[in-house]
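The following paragraphs lead the reader through a protein model, beginning with a single residue and widening to its surroundings. Please keep the sequence and the structure in view while reading.

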Amino acid sequence: MRTCGNAPDGLPVVGFMYADTETIRRILEDTGDTWAVVGLSDNRARAAYGVAEVLQRFGKRVVPVHPKAERVHGEEGFASLADIPFPVDVVDVFVNSDLAGAVADEAVAAGARAVWFQLGVVDEDAFARTRAAGLDMVMDRCPAIEIPKLKG
């Protein structure tokens, strides 16, 4: 594992990813079971669709967030995080890196407890802002890969 120094909070960085397995574990096991998946639509060919399916299989409630506000995996969709009328524990981000920082800021404003940027989604400034706001955050990782590792 190649580390690239330490982040502002002292955690080791691997590439652009935090190598903090405890944060990954905490988000997946302790943070809560309501996950807003930003970028989730009913397009079965998109990665968000399959990842949301895995999250549900492991007991997470998946809330689709997409401009179309489609129902996906049996759950009502919302056009934005601000439109969700109930608390969200984790915001899972499937938008490109240029848009991800704004989503992280919306997650903080919405009172989420954690933010998860999917594989290939990297915004170091958003990571720093989100952590400074007191939220756990994972960047450039996939919960559908990480959760089975924890569950054995």
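Val 103 has its place in helix H3; helices (H or I, at least four residues) and strands (E, at least two) are DSSP runs, numbered from the N terminus. The model is a predicted one, in which local features need pLDDT of at least 70, side-chain atom pairs count only at pLDDT 80 or more, and totals for chains, interfaces and linings use all residues. Residues are numbered from 1 along each chain as its sequence is written, and side-chain values use heavy atoms, with hydrogens and water left out.

Is Val 103 buried or exposed? Its relative accessibility is 9%, so Val 103 counts as buried; buried means under 20% relative accessible area, exposed over 50%, and partly exposed in between (1.4 Å probe, protein chains only). Residues up to four places away in sequence aside, Val 103 touches Val 38, Leu 81, Val 91, Val 93 and Val 95, where contact means heavy atoms within 4.5 Å. Val 38 and Val 103 are 65 residues apart in sequence, and their C-alpha atoms are 8.1 Å apart in space.

With neighbours within four places in sequence left aside, Val 91 is in contact with Ala 36, Val 38, Leu 81, Val 103, Ala 107, Ala 112, Ala 114, Val 115 and Trp 116.

The next topic is the nonpolar core, a set of buried Ala, Val, Leu, Ile, Met, Phe, Trp, Tyr and Cys residues joined through side-chain atoms within 4.5 Å. The largest such core has 24 residues, and those with the most contacts inside it are Leu 81, Ile 84, Val 91, Val 93, Val 115 and Phe 117. Two or more residues each come from strands E4 (34–38), E5 (61–65), E6 (90–93) and E7 (114–117) and from helices H3 (97–110) and H4 (124–132). Helix H3 gives the most to this core, with four residues. A second, separate core of 22 residues includes Trp 35, Tyr 49, Ala 52 and Ala 144.

Helices H3 and H4 also meet each other. Their axes, which are lines fitted to C-alpha atoms over the stretch in contact, come within 9 Å and cross at roughly 10°; the angles run from 0 to 180 degrees between N-to-C directions. H3 is therefore roughly parallel to H4, a term for angles under 35 degrees. On H3 the contact is made by Gly 101, Ala 104, Asp 105 and Val 108, and on H4 by Ala 126, Arg 129 and Thr 130.

How many aromatic pairs does the structure hold? There are two; rings of Phe, Tyr and Trp (its six-membered ring) pair if their centres lie within 6.5 Å, and planes under 30 degrees apart count as stacked, over 60 as edge-to-face and the rest as tilted. Trp 35 and Trp 116 form a tilted pair, 6.0 Å centre to centre with 45° between the planes. This pair links distant parts of the chain, since Trp 35 is in strand E4 and Trp 116 in strand E7, 81 residues apart. Both Trp 35 and Trp 116 are buried. Phe 78 and Phe 86 form an edge-to-face pair, 6.0 Å centre to centre with 80° between the planes. Phe 78 is buried, at 9% relative accessibility, whereas Phe 86 is partly exposed, with a relative accessible area of 23%.

Terms used:
Angles under 35 degrees count as roughly parallel, over 145 as roughly antiparallel, 65 to 115 as roughly perpendicular and the rest as oblique.
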